[in-house]
Amino acid sequence: MYVQRWPLVGNITDVDAEVPIASLQNLAKTYGEVFSLTLFGKKRIFISSQKLMEEICDEKRFGKLVSAALGELRNGIHDGLFTAQNDEENWGLAHRILVPAFGPLNITGMFDDMKDIASQLVLKWARYGADYVIPTTDDFTRLTLDTLALCAMNYRFNSFYSEEMHPFISSMVSFLKLGGDRSRRAAFMAPFYRADDAQFFSDIEYMRTLSQEIIDKRIQHPEDTKDLLNAMLYGKDPRTGKSLSQGTIIDNLITFLIAGHETSSGALSFLFYYLVKNPEAYRKARAEVDEVVGTESIQVHALQKLPYITACLRETLRLQPTAPAFSTTPLSPQGEVIGGKYFVEHGQPIAALLSQIHLDPAVYGSDAEEFKPERMLDETFKQLPPGAWKPFGNGARGCIGFPFAWQEIMMVTAMLLQYFDFAPQDQSYNLQIKSTLTIKPKDFFMRATLREGWTATKIERSLSGSIRTPASTKSQPAATSKPKTEGLPLSVLYGSNSGTCEAFAQTLAADAGAKGFNATVQTLDSAKQSLPPGQPVVIITASYEGEPCDNAAHFYDWLQNLNDGERIESDYAVFGCGHSDWSKTFHKIPNSIDALLEQHGGSRMCARGSADAAKGDMMSAFQTWEDDIFWPAVQKKYGVSDADGASEAVGLGQGLTISVTSQRASRLRADVSEAKVVETRLLTAPGVPEKRHIELQLPSEMTYRAGDYLAILPLNPTETVHRVLSRFSLAWDALLQIDSKSNTTLPTEHPISAFDLFSAYLELSQPATKRSISMLIEASKEPQTKQTLQNLLETDFDAQITQRRVSLLTLLERHPTIDLPLSAFVASQMSMRVRQYSISSSPLADPRRATLTYAVLDAEALSGHGRHVGVASWYLSHLKPGDIVHVAVKASHQAFHLPVDSGVPVLMFCAGTGLAPFRSFVQERAAQIGAGRKLAPAHLYYGCRHPDRDSLYADELARWEKMEAVTLHYAYSQAPERSHGYKHIDEAMRADGQLLLDLWDADARVFVCGSRDVGDSVKNVCMDLAKDWARQRGKEPSDERANEWFDSVRNERFSTDVFA
């Protein structure tokens, strides 16, 4: 299919210069298994299915074609093995001479040199310790470059002995990047890129000069070794008897240095990304290393006994082939027809998009985008059809260094899992791609903790084979920064997606100093394999759809899989957060952790605490548990009393001090990136709750899928900030220097303006807690005020404070005589949290832009003081085009995405702004249909008040319905006469019961988004339809069977995104 193009430049605007493979993937999703692009008059065909891949890999009909970016690389490496055309003599000579050098015995003989370099990496990470933030791709690049150079030509770059990367790497990266850029521009544009071209040829000169120096050194000092350099210098072509010229040797030296390390470092980086993101796979891989390698220094024979790690590597290269495409062309001068209908001329490039071919649902099923190593175990792998897995190219022109790379990656992976436990530096990191001609993860950082029993010294001796360390499945606790207070050590571990449990952990840690303890705060995953010994441990966590939070998944997986005899010798306490509307999974993870710790010998210090978001103020519930249950129990157990001045510290500031000056400064949060507002508009008419649309231009490296979330870091409403400034008599530009004696998330490195602090860092509208009211009582000097506040604590606190959302600020305004220190007010507030919104656009429409569809919360405050304004919705509603907003893409549940197989029907049910993710789904389908794709039917059931007032995107949806991207079913609660009499979507569903059953039988996927009421009503109809389905087949329907059916399809074929 032809992608619409512009005159002269063709499809240049359809391909992102920064990450071209991402653009090509989106085009493949839009246009299907074959499409063509034209760049400055040069046509190129792209394929993305296994069937077409099988055809173009037939070496009798098709041969490799070097063009586009690879063609540009010929400026530097000419007809080297990677860039030679099929008919060039030097390719045949080099190939026949070098194939023996990559034989099994020679590769096995390189093991010790590979291990030499891998040991340098292992020792670096061991010596730097658990606080070291590992630059994953950089360190793996150092590893693979040094390995290739040592094994291939006995040359040492010594990359691990310098902070800076070797100049060859920067020249190589620049060479590859500029080569790609040159391929995407017309010749007449060259005068505008003189500086780039000068750099391009300078890079070439450096690499060729270095290669010549390596050759000269070998000629002057010959070595009796069977490495690649000797093979090229002294080898003879067995067919012709010819040798390689020095120019050809240089071409291939550079080729090996580039291709031999760039793809391997990317593969290792992607492999460890998938392992740390998939706890079950990580555990199985590590267990395999423990069983096969144990505590011995790894030997080459062990690599053949690691089938699960082999499967992990295969699956990694399926999802992220580091050389993401290669090109062929018909050998016949008359051209070829592929797929039975697509004619391709001789000499016309056919680019195989491996990253899409490897996701073909016809081969890998509906879960093709998920990381599942089991599908790549030997027996299953052998049954894959031809062309289904081609990360190393095809046939005679496939990667000659495949055995070398495989041995290196397997060895390094086993060594690292043997000595370390790994975790991502940022648990919320979503994979981003950095692209030259190969791909790697962008900004992916890890931390490595030594497993129990290993020290850097022991590892060094182990690698040399001089010691054997006792086996252990535990890891050493991660090192943490030393707190500023004295006391007994206490570890606070949290699992948190939204930030609530992290805020509770920081709150408890801030209180610890006054209670005689010295607290450190870490994620639960930092303690996988071993809880901190010899100290009390507090675990604060939530569940996410019945699963552990992102930064608790590895810990929970470890805990679940402990053997019966494994003991945990720790004193612990657990606090759980959740929402009781999700009754089946309410507190599932904290309850399970509590039970498992006790089952394996842990000593529970006090009763488990819990907070229910459905009841309102979770912070108050947490602080009540902390003050009344946890601290009394742990102090009694350890014989610890409150520290001197504890009452004042806890009541009036928690050890926090703030000095005020008169200059302005600000500090931005580091976990989000800047996006620019492109468009905002109102979607509703007057008289109904306000709903709005906002379009954002995302940072170039940020990618998303239809169905994902966008996390927004908001600012507090200006009026609320002014209330704080007024209450504490602060100028808006007053400079606050914050210093804390305990853990805090507030900016302490630099002064910050009062306006910035209260705008960006604190949740000012959260309901007051019992502890904060006790603090006000202590600070008050008036008996009447004290009694009024005391009555709040002793009567119905929940009804008077929590349910009415009365904030600490509101209480201070009610009682202006209370002289509360500013530090006490700040220390009592939760840190500002991001808010997640479903993205309402598809990247197929524009990968650099994302839209949000949201309701503006603005109602009379139940507290009786002004209005209750939603922090995030107020913030978004006041943004204007050109404004900057801080955002991060958050992946939704894997099941909440459109099916990979376009032949699967889609059913969508929603109300109000629950339409947001389904607008993205329908927009994606419209883009695909507009490109000529044939899709299975999709039905959208959408409820709102009135078609003329709040029917969101009605014109747009109607246009997409005419394209057959969706069939619309409306339910108008205030105008049922205009929706076939249906007021709510469940009524429309019941009327269409047989249609829905027929689509279900056609393997339909069901998606629900909206309030809890919407979710329950849709579920109830589906349960009734399941009973009807059973009756139609002569089965006896029952509620029990219907519930079993629903549980079996939940998060598989039935996916929900329900908000409270």
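**Notes on a predicted model of one chain**

1. Start with the surface. The chain exposes about 43,400 Å², and carbon and sulfur atoms supply 50% of that area. Keep in mind throughout that this is a predicted model.

2. Next, the overall size. The C-alpha atoms fill a box of roughly 105 × 75 × 65 Å along the principal axes. How does the radius of gyration of the chain compare with that of a compact globule? For 1060 residues, a compact globule would come near 31 Å; the chain has 31 Å, so the two agree.

3. Now the interior. Of the 1060 residues in the chain, 57% are buried. Contacts tell us about the fold as well. Take those with a separation of 6 or more: 77% of them join residues 24 or more positions apart.

4. Secondary structure comes next. The chain has 37 helices and 35 strands.

5. One sheet deserves a careful look. Strands of a sheet pair through backbone hydrogen bonds, either parallel or antiparallel. This sheet is open, has three strands and pairs them antiparallel, in the order β4-β12-β9. Which strands stand at the edges? They are β4 (134–135) and β9 (420–424). Each has a single partner strand, so one side of each is left without a neighbour in the sheet.

6. Follow the pairing of β9. Five bridges join β9 to β12 (residues 445–450), and the two strands run antiparallel. Two pairs can be checked by eye. Asp421 stands opposite Thr449 in β12. Ala423 has Arg447 in β12 as its bridge partner.

7. What does Asp197 touch, leaving aside its neighbours within four places in sequence? Its contacts are Arg182, Arg185 and Ala190.

8. Two backbone angles need a comment. Ser729 is not a glycine, yet its phi is positive, near 55 degrees. Ser729 is found in the loop between α24 (718–727) and β24 (735–740). Is Ser729 buried or exposed? Exposed means over 50%, and Ser729 has 67% relative accessibility, so it counts as exposed.

9. Tyr953 is the other case. Its phi is about 55 degrees, again positive in a residue that is not a glycine. Tyr953 sits in the loop between β32 (938–944) and α33 (954–962). With a relative accessible area of 7%, Tyr953 is buried.

Terms used: Residues numbered from 1 in each chain as written. Predicted model: local features only at pLDDT ≥ 70, side-chain atom pairs only at ≥ 80, totals over all residues. Heavy atoms only, no water. Helix = DSSP H or I, 4+ residues; strand = E, 2+ residues; numbered from the N terminus. Rg over C-alpha atoms; globule rule 2.2 N^0.38 Å. Buried < 20%, exposed > 50% of the residue type's maximum accessible area, 1.4 Å probe, protein only. Contact = heavy atoms within 4.5 Å. Areas by Shrake-Rupley, 256 points an atom, 1.4 Å probe, with all protein chains shown as cover. Pairing = 2+ DSSP bridges.
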